[in-house]
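Subject: Handing over the two-chain model

Hello,

Here is the structure I promised to pass on. Please open it alongside this message.

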Amino acid sequence: MTFVLPERVYDELTANTSDVETPPIDTAISEGWARVADPLEYSHGLVSRTMDGVQRYIANTDDRPADEIERADPALAGVAAQAFVKGTADHAYIYTTDTLAGEGAENVFASEGYGDSVTYVNGFRFVEDLLE
Amino acid sequence: MSRTSNRTNGDVIRDFLSVADLLEEPQLAQLYAYLAREEEATVQELMDALNLAQGTAYTYVNRLVDAGVIEATTDTQPRIYVARNIDLTVTAADGAREYTITPVLIDAVGRRATNDDIDTYIDRHGIAGLATALTYAVDRERGEVTHRLMAEDLDISPLAAEMILQALRPVVHEHFDIEVSGASIADIEGVDRDVVGDDA
């Protein structure tokens, strides 16, 4: 199993890590259980629609303008959408600790007709299960 | 001003100072939070639960009783102690900001003794900063905000936001009845394909 990270998330995890020699995410990548996704191609309708959709979903719930929503959360859904478009996956499991981002992705994919192809996995539950 | 209202003001100030003491000393906050959560306990139970020596436990209990934030419900031994409810709203001098000090905040502060992430956050952002983070932690668990929005609002890195939200998560679930959403491993067993991850 390999975890696929949007580029934006990888950038967050490696920013300001000058005090550690190897950021943990780079260790995970070199050990082969994580990799960074290819750049997102917004020209694919499904990719841009799901990202815009998640952005709006988060904005509406938190009652703020959509253009203020950071694109890293929508990018999670974007990576899954791109895999569907390219035919490299027929089901996506989206791992996040943000319920809002996870539910947003599920919701938007459902309205795009991919409701059965996407599962939001609660990051905390996942870690708790691993520790058991 | 009448003598009555002066007296009331005096009580309020006394309450405020007691609570300020609690926030200054994580061990006292921990003991108060335990009583608020468990509803009642004897000194022996407090010693067992919080791993305190007898002398220390009596010192803390007496200080909290003197401060008026806990009280004994019985006169006979062993005495049973309960927490008095604290709900204190402090308005900053500019009048624009308001903080409410609640048992949840006191619990969170009490955990700085055992949680480095909470301790570091208070050092950097103060108790008021922790109170703000706590409101984000509640909203995040309710699925109303993400750690990235918190980071943006407070001008901190997403990683720093995620760390304090994770540290505060047990406090939130201890005090608020929030259903956890999303699938667990048991729900997706048998999966061996690539997955989209966000472990920020």
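Below is what I found, starting with confidence and then going chain by chain.

Confidence

This is a predicted model. It scores ipTM 0.87 and pTM 0.80. For chain B, the mean pLDDT is 83. In that chain, 84% of the residues reach 70 or more.

Chain A

Chain A holds six helices and four strands. Along the sequence they follow the pattern β-α-α-β-α-α-β-α-β-α. The C-alpha trace of chain A spans about 40 × 35 × 30 Å along its principal axes.

Why does a radius of gyration of 15 Å agree with a compact globule for chain A? The chain has 132 residues, and a compact globule with that number would have a radius near 14 Å, so the 15 Å of chain A agrees.

Of those 132 residues, 44% count as buried. Take the contacts in chain A between residues at least 6 apart in sequence: 67% of them join residues at least 24 apart.

Six residues of domain 1 and seven residues of domain 2 make up the contact between them. On the domain 1 side, the elements that give two or more residues are strand 1 (3-5) and helix 1 (7-14) of chain A.

Chain B

Chain B comes to eight helices and five strands. Its pattern along the sequence reads α-α-α-α-β-β-β-β-α-α-α-α-β. Chain B has 200 residues, and 34% of them count as buried. Among its contacts with a separation of 6 or more, residues 24 or more positions apart account for 55%.

Chain B also has two assigned domains: domain 1 (3-83) and domain 2 (88-175). The contact between them takes 13 residues from domain 1 and eleven residues from domain 2. Which elements of chain B give two or more residues to the domain 1 side? They are helix 1 (3-24) and helix 2 (26-38) of chain B. Helix 2 of chain B gives the most, with eight residues. The domain 1 side divides into nine nonpolar, two polar and two charged residues.

One loop residue in chain B

Have a look at Ala113(B). It sits in the loop between helix 5 (103-110) and helix 6 (116-141) of chain B. Is Ala113(B) buried or partly exposed? It has 13 C-beta neighbours inside 10 Å, so it counts as partly exposed; the buried class needs 20 or more.

Leaving out residues up to four places away in sequence, Ala113(B) touches Pro26(B), Gln27(B) and Gln30(B). Gln30(B) is 83 residues from Ala113(B) in sequence. In space, the two are 8.6 Å apart, C-alpha to C-alpha.

Where the chains meet

The contact between the chains takes 31 residues from chain B and 42 residues from chain A. On the chain B side, the elements that give two or more residues are helix 7 (147-154), helix 8 (158-175) and strand 5 (195-197) of chain B. That side of chain B divides into twelve nonpolar, eight polar and eleven charged residues.

The nonpolar core

The largest nonpolar core has 85 residues. Those with the most contacts inside it come from chain A and chain B. From chain A they are Ala80(A), Ile94(A) and Ala105(A). From chain B they are Tyr32(B), Ala108(B), Leu134(B) and Leu168(B).

What does Ala108(B) contact, leaving aside its neighbours within four places in sequence? The partners are Ile118(B), Leu130(B), Leu134(B), Leu168(B) and Val171(B). Of these, Leu134(B) and Leu168(B) are also among the residues with the most contacts inside the core.

Best wishes

How values were computed: Residues numbered from 1 in each chain as written. Chains lettered and ligands numbered in written order. Predicted model: local features only at pLDDT ≥ 70, side-chain atom pairs only at ≥ 80, totals over all residues. pLDDT = per-residue confidence, 0-100. Contact = placed C-beta atoms within 7 Å. Nonpolar A, V, L, I, M, F, W, Y, C, P; charged D, E, K, R; others polar. Rg over C-alpha atoms; globule rule 2.2 N^0.38 Å. Buried ≥ 20, exposed ≤ 12 C-beta atoms within 10 Å, placed from the backbone. Core = buried A, V, L, I, M, F, W, Y, C linked by C-beta atoms within 7 Å. Domains from an automatic or database assignment.
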